[in-house]
Amino acid sequence: MPIFQQEVLCPFCFTGFPASEVRFRCVNPSCTGSAPDQLFGRLRGGGAPVMGHVITPPKASILRAMRLPDVAVCDVCQVESHHRLCAECHFDLPHDVGQIDQRIIAIIGGRNTGKSHYIVTLVNRLKNEVGANFNFSVHMIGEDTRHRWRDDFYGPLYEQHTVLQATRPGAVDARVKAPLIFRLTLEGTFGKRAINLSFFDTAGEDMKSVDNLSVQARYISRADGIIFLLDPLQIESVRQQLPGANLPVADRDSAPDEIVERLVELFETQLHLGQRDHIKTPVAFTLSKIDALFPILDPSSALRRAGGGEHFGALDLRDVNSVSGEMRDYLSAWMGAGFCSVIEKHFTAYNYFAVSSLGEPPGPDQRLRTVAPFRVEDPFLWILHQLNLVKATKGR
Ligand SMILES: Nc1nc2c(ncn2[C@@H]2O[C@H](COP(=O)(O)OP(=O)(O)OP(=O)(O)O)[C@@H](O)[C@H]2O)c(=O)[nH]1
Ligand SMILES: [Mg+2]
Ligand SMILES: [Zn+2]
Ligand SMILES: [Zn+2]
């Protein structure tokens with residue numbers, strides 16, 4: 001192998017492999033080489049689907065092999081293909097893999113905490129208002145992402161004005177194991193910079209046990225940043241203060257304290273952390289559905305500040321810190337100091353946030369009058385700041 005051969009990191013199975021090992025998929029509809037693809041089926045579960053022929057490019061000259069090849073000729077039908085695949089799992093690689101920085105962001109939390117609604121409103125804010133404030137542009141990479149975005153996220157919420165369906169567990173719907181990939185272009189002091197963001201929308205169902213997490217959500221311990229949604233409507237003392245009619249059914253498996261413990265255990269087993277080791281991945285512990293809590297929040301709450309959560313080209317750290325301190329106090333009051341101590345003991349880079357994706361609870365027929373997200377970008381911008389991708393200011 002040449003000394004400086006480029007490495008490729010698969011955004012699906014996270015295997016790193018040398019550029020010369022990349023495979024291609026023949027997409028010529030009249031090619032006769034289609035066959036069951038064992039490797040493709042293995043990580044997704046559900047057998048070996050019949051797929052286009054997998055082309056193994058001939059070993060190129062040493063010089064050429066240092067770069068990622070961008071085309072290969074099918075050895076069955078002799079037609080060229082540009083569809084690169086991961087050598088290990090045959091995932092269709094983003095067309096610019098290896099040329100662009102890649103960051104993995106996992107959105108996790110128990111069943112019904114609001115993860116899917118969060119992803120769609122966050123991405124929509126990034127494409128519009130936040131994008132304008134930060135000189136970002138966001139676009140989707142690959143047909144998979146485009147289809148899922150339209151069919152499962154944007155279409156139902158913004159076009160049909162209905163709430164989204166529960167995300168199906170990875171074992172039932174293999175698509176949820178694959179990320180939604182977005183290209184974020186940032187216009188910084190030093191010119192343009194692009195990164196690919198892989199968003200994983202975990203099914204809350206998969207968060208019910210550590211074993212399940214390790215199989216269905218392996219990406220969590222590989223993520224560069226985690227947005228951990230906590231459902232305040234599953235905290236017993238909050239439930240007692242709110243009118244029962246608007247509350248979802250109590251679900252012990254989604255209780256924030258249990259899920260945080262499972263997350264710690266997952267990191268400890270997957271990264272082989274010892275008792276004293278800390279988890280260094282930035283984690284934004286984020287209360288969702290904050291609109292439902294307005295009746296019980298203090299009148300002086302930072303969350304009531306007009307224009308709060310608006311960041312103009314830099315993360316407003318004073319605002320972020322005051323929300324974090326306040327949420328920490330609320331969480332301790334609602335669940336006991338033990339909850340935050342577990343977090344403080346195990347994580348080195350964390351902050352508390354509060355967001356509302358919808359701005360108000362959905363109507364009884366599951367329809368939405370408006371979609372008015374509130375502070376959804378705060379945790380995301382904070383993670384980008386932790387990754388040195390956006391600046392912060394000490395406040396206005
Ligand atoms: N009040 C309020 N309710 C919300 C908000 N976001 C989501 N919800 C409610 O929470 C329910 C679950 O939201 P989802 O985004 O589907 O939750 P999820 O975490 O993706 O759930 P799973 O896919 O089952 O893991 C929705 O059907 C809404 O009723 C919000 O911002 N405010
Ligand atoms: Mg979901
Ligand atoms: Zn792979
Ligand atoms: Zn072919």
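The shell around ligand 1 divides into eight nonpolar, 11 polar and four charged residues. In these classes, Ala, Val, Leu, Ile, Met, Phe, Trp, Tyr, Cys and Pro count as nonpolar, Asp, Glu, Lys and Arg as charged, and the others, Gly among them, as polar. The shell holds 23 residues, and the closest are K115, S116, A166, T167 and G204. A residue belongs to this shell if its C-beta atom, placed from the backbone, lies within 6 Å of the ligand.

A word on the model and its conventions. This is a predicted model, in which local features need pLDDT of at least 70 and side-chain atom pairs count only at pLDDT 80 or more, while totals for chains, interfaces and linings use all residues. Residues are numbered from 1 along each chain as its sequence is written, and chains are lettered from A and ligands numbered from 1 in the order in which they are written.

A166 is found in the loop between helix 5 (143-159) and strand 12 (180-188). Helices (H or I, at least four residues) and strands (E, at least two) are DSSP runs, numbered from the N terminus. Is A166 buried or exposed? A166 is exposed, because 12 other C-beta atoms lie within 10 Å. The rule is that a residue is buried if 20 or more other C-beta atoms lie within 10 Å of its own, exposed if 12 or fewer, and partly exposed in between, with C-beta atoms placed from the backbone. From A166 to S356, 190 residues along the chain, the C-alpha separation is 18 Å.

I turn to the division of the chain. Domain 1 covers 7-85 and domain 2 covers 101-393; these bounds come from an automatic or database domain assignment. The contact between them takes seven residues from domain 1 and 10 residues from domain 2, where two residues are in contact if their C-beta atoms, placed from the backbone, lie within 7 Å. On the side of domain 1 that touches domain 2, there are four nonpolar, two polar and one charged residues. The C-alpha centres of domain 1 and domain 2 are 34 Å apart.

F24 sits in strand 3 (residues 23-25) and is buried, since it has 24 other C-beta atoms within 10 Å. Beyond four places in sequence, F24 is in contact with I55, P57, A72, S81, H83, R84 and L85. By contrast, D70 counts as exposed, with 11 C-beta neighbours inside 10 Å. D70 is placed in the loop between helix 2 (62-65) and strand 7 (72-73).

How far apart are the end C-alpha atoms of helix 9? They are 26 Å apart, which agrees with the 27 Å that its 19 residues (317-335) should span at 1.5 Å a residue; the expected span is 1.5 Å times one less than the number of residues. Its buried residues are D319, V320, V323, S324, M327, Y330 and L331. Why do they lie on the same side of helix 9? They do so because they cover an arc of only 135 degrees around the axis, the arc being that of the directions from the helix axis to the C-beta atoms. The cover over these buried residues includes strand 15 (283-287), strand 16 (315-316), helix 10 (337-346), strand 17 (350-354) and helix 11 (377-386). After helix 9 comes G336, with a positive phi near 90 degrees.

A314 lies in the loop between strand 15 and strand 16. With 15 other C-beta atoms within 10 Å, A314 is partly exposed. Leaving out residues up to four places away in sequence, A314 touches V390, K391, A392 and T393.

R375 lies in the loop between strand 17 and helix 11, whereas N388 is in the loop between helix 11 and strand 18 (392-393). R375 is buried, with 20 other C-beta atoms within 10 Å. N388, with 7 C-beta neighbours inside 10 Å, counts as exposed.
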